[in-house]
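Please read the following account alongside the sequence and the model.

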Amino acid sequence: MPSAPVHRMRKEEIVWLGNHKCEHGHTYLEHYTCYLKDNPSKVRIGFFDIETSNLDANFGIILAYWFKEANKEKFHGGYINSRDVIHDEEPDRNLVIKLIDDLRKFDLVFTYYGTKFDLPFCRTRALHMGLDFPLFGTIKHKDVYYIIKNKFKLHRNRLEVACRELLGETRKSHFDGNMWRRAVQGDKKSLTYISDHCKDDVRDLEDLTNKVLDYAYPLWKSI
């Protein structure tokens with residue numbers, strides 16, 4: 001059960017949670033999930049995606065990431081600094097520090113195949129560099145990939161295919177491997193391209209989530 005994110009709460013909010021109880025007889029500090037269920041307007045929801053240089057975190061780095069706040073044109077994220085690529089042994093260190101800080105701003109995060117890729121990759125990079133990644137139970141997570149896989153029948157379960165078939169359109173650009181190769185060499189134009197590609201993915205993810213979420217059992221897991 002997710003814990004109350006006291007690290008980003010004001011004192012009066014923490015006191016209120018500690019003085020009010022849910023239907024189970026526990027304070028909202030103890031049963032924060034109940035608070036979110038009883039106060040859905042208070043839930044801060046983010047749609048999340050990353051772009052990397054490799055599919056494995058012990059060989060690759062995070063090139064870009066974006067969170068989009070639900071129902072808002074507000075984004076949190078960015079891409080690695082081209083100077084860090086050239087001069088730093090861990091060129092994505094500053095980006096991962098910012099990513100962790102942004103992740104902690106949300107109560108619930110939606111991803112597409114994030115269970116098997118995005119979140120394990122981020123966790124691996126963070127721990128490899130000695131950074132504290134949010135612990136189990138601190139943030140809720142829903143992977144829309146499994147809604148598409150289990151509730152629909154498409155020839156491929158990729159985000160692009162699901163958006164094209166179920167929404168009628170997708171923002172996703174065609175994959176250009178040259179951009180990824182140049183990005184790991186610090187080419188700013190390529191990094192900007194990858195960042196924009198990632199931002200379009202989270203826009204698509206939000207639209208797809210809004211279309212299909214009601215067809216899935218409302219089960220939230222931890223990041």
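Predicted model: local features only at pLDDT ≥ 70, side-chain atom pairs only at ≥ 80, totals over all residues.

Which residue is the bridge partner of T111 in β5? The partner is D143. Residues are numbered from 1 along each chain as its sequence is written, and side-chain values use heavy atoms, with hydrogens and water left out.

T111 belongs to strand β4, residues 108-111. T111 counts as buried because its relative accessibility is 0%; buried means under 20% relative accessible area, exposed over 50%, and partly exposed in between, with a 1.4 Å probe and protein chains only. Leaving aside residues up to four places away in sequence, T111 touches F48, H141, K142, D143, V144, Y145 and L205, where contact means heavy atoms within 4.5 Å. The side chain of T111 also reaches the backbone nitrogen of G114, at 3.1 Å. F67 is 44 residues from T111 along the chain, and their C-alpha atoms are separated by 9.8 Å.

Two strands count as paired if DSSP finds at least two bridges between them. The open sheet holds six strands in the order β3-β2-β1-β4-β5-β6, with mixed pairing. β3 (75-79) and β6 (221-222) stand at the edges with a single partner strand each, so one side of each has no neighbour in the sheet.

Helix α4 (residues 93-103) packs on this sheet, touching β1 (45-52), β2 (62-69), β3 and β4, and its direction makes about 20 degrees with that of β2. Helix α5 (residues 118-128) lies across β1, β2 and β5, running at about 70 degrees to β1. For these angles, axes are lines fitted to C-alpha atoms, for helices over the stretch in contact, and the angles run from 0 to 180 degrees between N-to-C directions.

β2 is mostly covered, with eight of its eight residues buried. β2 runs antiparallel to β1, joined by seven bridges, and G46 stands opposite E69 in β2. With β3, β2 is again antiparallel, over five bridges; here Y65 stands opposite G78 in β3. β2 and β3 form a hairpin with five residues between them, and N71 in the turn has a positive phi of about 65 degrees.

Another helix brings in S195, which lies in α9 (residues 188-212). S195 counts as buried because its relative accessibility is 3%. Beyond residues up to four places away in sequence, S195 touches A64, W66 and Y79.

Now the whole protein. It has nine helices and six strands. Its radius of gyration, taken over C-alpha atoms, is 18 Å, close to the 17 Å that the globule rule (2.2 Å times the number of residues to the power 0.38) gives for 223 residues, so the protein is as compact as a globular protein of that length. The C-alpha trace spans about 55 × 45 × 30 Å along its principal axes. Buried residues make up 48% of the 223 residues. Among contacts between residues at least 6 apart in sequence, 69% join residues at least 24 apart.

Terms used:
Helix = DSSP H or I, 4+ residues; strand = E, 2+ residues; numbered from the N terminus. Polar contact = N/O pair within 3.5 Å; in protein donor to acceptor, adjacent residues only side chain to side chain.
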